[in-house]
Amino acid sequence: MTSTLPSAARGRPKISARTLRTDRWWITPLLTFIGLLSFVIYGMVRIFVNAHYWAPEQHYLAPFYSPCVSESCVPGSSHFLGQPFPQLPPWMSPAMIILALPGGFRLTCYYYRKSYYRSFWLSPPACAVPDGHKNYTGERRFPLILQNSHRYFLYAAILIGCVLTYDAVLAFKGLDGGFGIGLGTVILVANVIFIWGYTLGCHSCRNIVGGRLNNFSKHPIRYWMWTQVSKLNAKHQTWAWISLFSVMGADLYVWLVASGVITDFRFFN
């Protein structure tokens, strides 16, 4: 009489293929890699240019240099917090100080972590595709344990959002000193909207607003805030990408206007 071994004893089938997926699963991580890399390259170039970030006639300040808080900043660009930092070395630009805050917020963001883990580290590149690394330790060791600082970077990101909002309001000054609107004004306002959509839709923000509540009915204001943040959180991926390219586009526009490459189109004054 022939006996049949249990399925567990036979072990897993030996499949030579890396994955049985037949769709183009690699497109998403590839596009993510290109998108994130383009932002990193632009950011690296921009911080070392260290010029053309303030357009005085239009009152446009480039987001990558806002707030400009060093004595190295060009006159007129330190309109929010003044210049608490001294003169910087020639190799260092004010953007290096500022970008550490929103950069840390995005670097530790739950969505961005998933994105660059998959696209840069192949960990894993897609569902049902083997991990590109033999060992996995999670975020329990240095440097990935620093991802737990995301909530604290959220507070800094809120501050930066307030500063960018102030910059957008300042951009409504006309060329003659009165009220005016230019294309740069529209771009800076749109960027602020996208930045706030991404920042307030953060998972940590949702937890802070509505976390540790056992009864929403006793906290109607916080419940309302939680529902609004939850709506943003549902589209967190979309806000993350739109705000990433909006801040880069806004910075590039101010760069081109301040350097004289293009002329700001004025709707009024």
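**Close-ups of a predicted model**

**View 1. The end of helix H8 and what comes after.** H8 is followed by Arg212, and the phi of Arg212 is positive, near 60°. This is a predicted model, so keep that in mind for every view here. Back inside the helix, Ser204, Cys205, Val209 and Gly210 of H8 are buried. What do the buried residues of H8 pack against? Their partners are helix H5 (110-119), H6, H7 and helix H9 (220-234).

**View 2. Where helix H6 crosses helix H8.** Two packed helices are described by the angle between their axes and the distance between the axes. Here, the axes of H6 (residues 150-170) and H8 (residues 203-210) come within 9 Å and cross at roughly 90°. That puts H6 roughly perpendicular to H8. On the H6 side you'll find His150, Arg151, Leu154 and Tyr155, and they meet Ser204, Cys205, Asn207 and Ile208 of H8.

View 3. His236 sits in helix H10 (residues 236-258). Is His236 buried or exposed? With a relative accessible area of 3%, His236 is buried, because the cut-off for that label is under 20%. Setting aside neighbours within four places in sequence, His236 is in contact with Cys109, Tyr111, Tyr198, Gly201, Cys202 and His203.

**View 4. Val189 on helix H7.** Look for Val189 in H7 (residues 183-200). At 27% relative accessibility, Val189 counts as partly exposed. Which residues does Val189 contact, leaving aside its neighbours within four places in sequence? They are Ala168 and Phe172. Thr165 is worth a look too: Val189 and Thr165 are 24 residues apart in sequence and 7.5 Å apart in space, C-alpha to C-alpha.

**View 5. Two cis peptide bonds.** Most residues other than glycine have a negative phi, and most peptide bonds are trans. The bond from Ser66 to Pro67, though, is cis, with omega near -5°. Pro67 belongs to the loop between strand E2 (60-61) and helix H3 (94-98). Going from Phe142 to Pro143, the peptide bond is again cis, with omega near 5°. Pro143 is in the loop between H5 and H6.

View 6. His59 has a phi near 60°, a positive value in a residue other than glycine. You'll spot His59 in the loop between strand E1 (54-55) and E2. His59 is buried, with a relative accessible area of 19%. Leu122 isn't a glycine either, yet its phi is positive at about 55°.

**View 7. Zooming back out.** The protein has 10 helices and 4 strands, and along the sequence they run α-α-β-β-α-α-α-α-β-α-α-α-α-β. Its radius of gyration is 24 Å, well over the 18 Å that the globule rule gives for 269 residues, so the protein is more spread out than a compact globule. Along the principal axes, the C-alpha trace spans about 100 × 50 × 40 Å. Buried residues account for 39% of the 269 residues. Of the contacts with a separation of 6 or more, 69% are between residues 24 or more positions apart. The protein exposes about 15900 Å², with carbon and sulfur atoms supplying 66% of it.

Key. Residues are numbered from 1 along each chain as its sequence is written. This is a predicted model: local features need pLDDT of at least 70, side-chain atom pairs count only at pLDDT 80 or more; totals for chains, interfaces and linings use all residues. Side-chain values use heavy atoms; hydrogens and water are left out. Axes are lines fitted to C-alpha atoms, for helices over the stretch in contact, and angles run from 0 to 180 degrees between N-to-C directions. Angles under 35 degrees count as roughly parallel, over 145 as roughly antiparallel, 65 to 115 as roughly perpendicular and the rest as oblique. Contact means heavy atoms within 4.5 Å. The radius of gyration is taken over C-alpha atoms; the globule rule is 2.2 Å times the number of residues to the power 0.38. Buried means under 20% relative accessible area, exposed over 50%, partly exposed in between (1.4 Å probe, protein chains only). Accessible areas come from the Shrake-Rupley method with a 1.4 Å probe; for residues, only the protein chains shown count as cover.
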